[in-house]
Structure formats: structure tokens, C-alpha cells
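I want to look up the ligand, the sheets and the annotation, and jot down what turns up.

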Amino acid sequence: MTDVPITVAGHPAYTGSLPEAVDVAVIGGGIIGLMGAWALAAEGKRVLLCEKGRLAGEQSGRNWGWIRQQGRDIAELPIMMEAIRLWADLPDALRAAIGFRQQGITYLARTEARMDAFARWLALARPYGIDTRLLSRRETEALLPNAAGWVGALHTPSDAVAEPFVTVPVLARVAAEAGVIIREGCAVRGLETSGGCLSAIVTEAGIVRCTQAVLAGGAWSALFLRSHGVDLPQLSVLSSVSATPPLPEFFGGAACDDRFAIGRRADGGYTLAPWSFHEFFIGPDAFRNLQAFLPQIRADLSSTHFRPAAPKGYPDAWGTPRRWRLTDETPFERCRILNPRPNKAELARLRTRFAKTFPKIGKPEIAATWAGMIDVLPDALPVIDHTPLPGLIIATGMSGHGFGIAPAIGKAIADIAQGRIPSQDLTAFRYERFRKGTGLGQSSAL
Ligand SMILES: Cc1cc2nc3c(=O)[nH]c(=O)nc-3n(C[C@H](O)[C@H](O)[C@H](O)COP(=O)(O)OP(=O)(O)OC[C@H]3O[C@@H](n4cnc5c(N)ncnc54)[C@H](O)[C@@H]3O)c2cc1C
């Protein structure tokens, strides 16, 4: 059984001395930071991207690779539709086979009540011109001929998948070619200000002057922000994944029902994961943000499994310091890569469930298992905005779907940093919405 492809073992690819000054510093080398950095460098900005561990070592190298418009909160649908268009151009722009395939994503329903929920979402989404449609029982059986048990489905033919383990390293290479200075193993400890405005980032390897920084720190963003007095109600959940070796093709796309998700990878294997099972480690931020998250916790109660404490060094572990001196080692250096242990018992149950659903295929062999910490915000929408600290922009809280939306978020980051009106309406993603009583609407996501 192998580990996830990108770990702290082995040499980092991007090292070297730091520049004295740049136009924009990007904090975090996941797909969001890289897309933002690439977009800014393409416009001639001097950009430094600092990653405390390895590029794509956390969520961006651990996800299923789904690029999904279907089931999104309607507030996110237009920007996600733009992301799909941008993805279609990426294989050429990156000059690489990144496994991008528009073979559709399907949500399978076991009950008529679920079909009704699909129909309600579709009624909201249709005016945007999306190609989603409801499938009958017979059409669903034709799509997944080896399985049974579903009354129908919701299907979006233009939804896609790509290979995260391939895409993000290639993206880094192309961003570096475009001029982005990338440094791995280089944690940003904090920020310096002058006259109340950002004047530099302080990294473990030295200080770099800049008047703008983009925080794309994934699950670490709230911890970073809090050390500068900026509150963000962000929590993380653990999600486990397994991967089969290459198998004869029985389904070419990606699908899920209320219990599991399955997607065919470019290497001919399938990625299998529980759909409604995630683990939540209780820590100080869980209490601090309880009220904001109550609606989400209530809606998700049966799929959330509470654990009393996060592993040592995690962003919301009980012992993790919330403040530090910029001259000392920080929590970001002490935990280079969040590499949680997958829940083997749940993954074993998943195999059994899979065998019952696909009796002709039976229990699949498993080639690899891993887990990731998914960062979430109370309304499961990202935040892409200026912060109260002038010069600091945040692009975080991708809430489990940041891989697919990333190209459009990268573009939005460049718009915000350049002071342009973004081409997409980012109102739903503003920072201010977390202030008491303002704008946290009810989610329309499925
Ligand atoms: C199991 C799983 C399945 C998923 N499936 C899908 C899917 O199918 N489709 C989809 O769209 N999304 C999916 N997601 C979500 C998606 O992976 C994330 O939303 C996306 O990768 C977030 O990207 P990011 O760049 O914001 O964060 P990350 O990829 O987590 O990157 C943040 C980076 O910032 C670095 N960092 C943090 N603080 C500092 C600091 N102070 N200094 C320097 N570096 C720092 C971290 O080390 C990290 O590498 C899934 C996630 C998981 C875990």
C-alpha cells in the first residue's frame, strides 16, 4: 500500500535565496495560491510564493480531482462555470496531459425525496444555462449497468475531472517559467506593517518587502489571520480516500450517492471515498465558532464524527499556540504537511458497500489510502477579498471544492490585487459576511 504521492520526504523542488522585495507575496502553495501567483506573474507582477512544506502537499494533492458545477450553491455557479471554461484551455496552457476529461458528474438518488431535492436545485440552476438534467431510473441503469438501487440521478455532462497529483506540479513549473519565485520549505511566520499597512512578509528564511500579500493557506488561514487580529470562522474536517489499481472500465465518469463517491482516474484505477463520512477534531476554534457553524453541524450531524482533539501541531489542536514572536519557530514550521491518518475502518466498510452495489465487480483491491484536512467556512463558500489589514488579501475556505474552482479564483485574485472590478460577482465571497447579522444566506448547495 503506498502513501499519497506528495509528502515531506524527498527534496523540495523549489529552493534558493529570497528576493529583497516583490510586488505581491503569496502565502501557500496549494492550487489556489499557485493559480493566483501565475495569473499575477502573467500580468508582469513580481511574485514570490512561499510554501511551508511541499507544493500541493495538503488538500491540493489529496483530492478526488472533481471539477463540478453540479450541486453548487447557486452563488458559486457562475464563477464555477467560468472555471470549467478555463480548465478546458489548461492542458494547452500547461503543455501537459493533466487528465482533464469532461465525462460528466452524476449524483445518484436512492429515494424520491432525493430526486425532489435534485429537481429543486435544477430549477434554480437552469437559468444560468447549465447542461444538467435529471435521469430516469432506466437512464441511470444505462449509465451504470453493473449496479442497481437508484431511482434516478442528476447528471451534468460538462462536469469534468483532472489529476491533482499531475496538475499542480505542472502548474508550479509553468508559474515558475512565467516568473513566479517559488520557495518550498519556507513558512511565512507573519507580517510587518508600516502606518497600519502591510510592508513585508516575515518568513523563516528572512524578510521580504511587499505592499500586497495573498493568503491562500488552506486549513491554516484562520490561525495565520488571528495572529494579526483578523478573525475568520474557519474549521477543518478529515476526509479519507482510497484508490484501486487499474481495473477494466465499468464506468468512465465520476458519481456519488448518499454513501460513496467513485471516479475513474486517467491511470485506469478508481478513486473511492465515503460521501457522507468525515471526522471533526474538537479544539478551541470549534468552541469559538460554534454559533456560526450550528446550521451546518445540524444539517450534517449524521455524517460528522466528532473526535475530542486534533493530532499534535494541527491548526486547531489544543496545544497549538495562537500567537508567537516572528523571530521564533512557529506552528507553520512545526507541521510542514498536514498528513492525517485515513480512517481504515470506514474505508473497509466502503469496500463492502461498493461490492454490494457493484456485485459483478466485488470487493476491489486497494492500492493506496490517504486522508486530507478540508477547510470549511460556515456557509461552505470561499472568501476572496481584502482583509481589514490593508494590503492583505485572502483566498481561502474553499470548503471541499477548491480544486475545480481554482482557475477562476486565480483570476479573481489577480483582479482584486490589481484593483480591478472582478469579472465575476464576488459579493457572496466577501469577508464582511461573517460579521454578526450580515449576509450569511441559506445554502442552496446539494
Ligand atoms: C480528500 C479530499 C477530496 C477533495 N475532493 C475535491 C474534489 O473532488 N474537487 C474539488 O474541487 N475539491 C476537492 N477537495 C478540496 C480541494 O482539494 C481544496 O478545496 C483545494 O485544494 C484548496 O486549495 P488551497 O490552495 O486553498 O489549499 P491547500 O491545498 O490546503 O494549500 C494551502 C497551502 O498553504 C500552505 N501554508 C499554510 N500556511 C502557510 C504559511 N504560514 N506559510 C507558508 N505556507 C503555508 C500549506 O502548507 C498548504 O500547502 C478535496 C479535498 C480533500 C482533502
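This is a predicted model: local features need pLDDT of at least 70, side-chain atom pairs count only at pLDDT 80 or more; totals for chains, interfaces and linings use all residues.

**Entry: ligand contacts**

I started with Glu 51, where an N or O atom of the side chain sits 2.7 Å from an oxygen atom of the ligand. Next I looked up Lys 52, and here a polar backbone atom is 3.0 Å from a nitrogen atom of the ligand. Gly 65 also brings in a polar backbone atom, 3.4 Å from an oxygen atom of the ligand. Then I checked how covered the ligand is: on its own it exposes 1000 Å², and the protein buries 98% of that.

**Entry: the shell around the ligand**

How many residues surround the ligand? I get 36, and the closest are Glu 51, Ser 60, Trp 66, Gly 402 and Gly 404. I sorted the shell by class and found 17 nonpolar, 15 polar and four charged residues. I then asked which elements they come from. Helix H1 (31–42), helix H11 (402–417), strand S13 (235–243) and strand S19 (368–376) each supply at least two residues. The largest share comes from H11, with three residues.

**Entry: the six-stranded sheet**

I traced an open sheet of six strands in the order S8-S2-S1-S12-S21-S20, with mixed pairing. At its edges I found S8 (181–183) and S20 (383–386), each pairing on one side only. Ignoring direction, neighbouring strands here are turned by 15° against each other on average. I zoomed in on S12 (residues 212–215) and S21 (residues 392–396), which run parallel and are joined by three bridges. Val 214 stands opposite Ile 393 of S21.

**Entry: the three-stranded sheet**

There is also an open sheet of three strands, ordered S9-S10-S11, and its pairing is antiparallel. Its edge strands are S9 (188–194) and S11 (206–209), each with pairing on one side only. Six bridges link S9 to S10 (residues 197–203) in the antiparallel sense. Thr 193 stands opposite Leu 198 in S10.

**Entry: the annotation**

Last, I checked the UniProt record, an unreviewed entry, which annotates residues 23–415 as "domain: FAD dependent oxidoreductase". I looked at that span in the model: it is 30% helix and 25% strand, and its end C-alpha atoms lie 14 Å apart.

Conventions:
Residues are numbered from 1 along each chain as its sequence is written. Side-chain values use heavy atoms; hydrogens and water are left out. A residue is near a molecule or strand if one of its heavy atoms lies within 4 Å of it. A polar contact is a pair of N or O atoms within 3.5 Å; within protein, one must be able to donate a hydrogen and the other to accept it, and residues adjacent in sequence count only if both atoms are side-chain atoms. Accessible areas come from the Shrake-Rupley method with a 1.4 Å probe; for residues, only the protein chains shown count as cover. Helices (H or I, at least four residues) and strands (E, at least two) are DSSP runs, numbered from the N terminus. Ala, Val, Leu, Ile, Met, Phe, Trp, Tyr, Cys and Pro count as nonpolar, Asp, Glu, Lys and Arg as charged, and the others, Gly among them, as polar. Two strands pair if DSSP finds at least two bridges between them. UniProt positions are given in the numbering used here, feature names are shortened, and annotations may be inferred rather than shown by experiment. Axes are lines fitted to C-alpha atoms, for helices over the stretch in contact, and angles run from 0 to 180 degrees between N-to-C directions.
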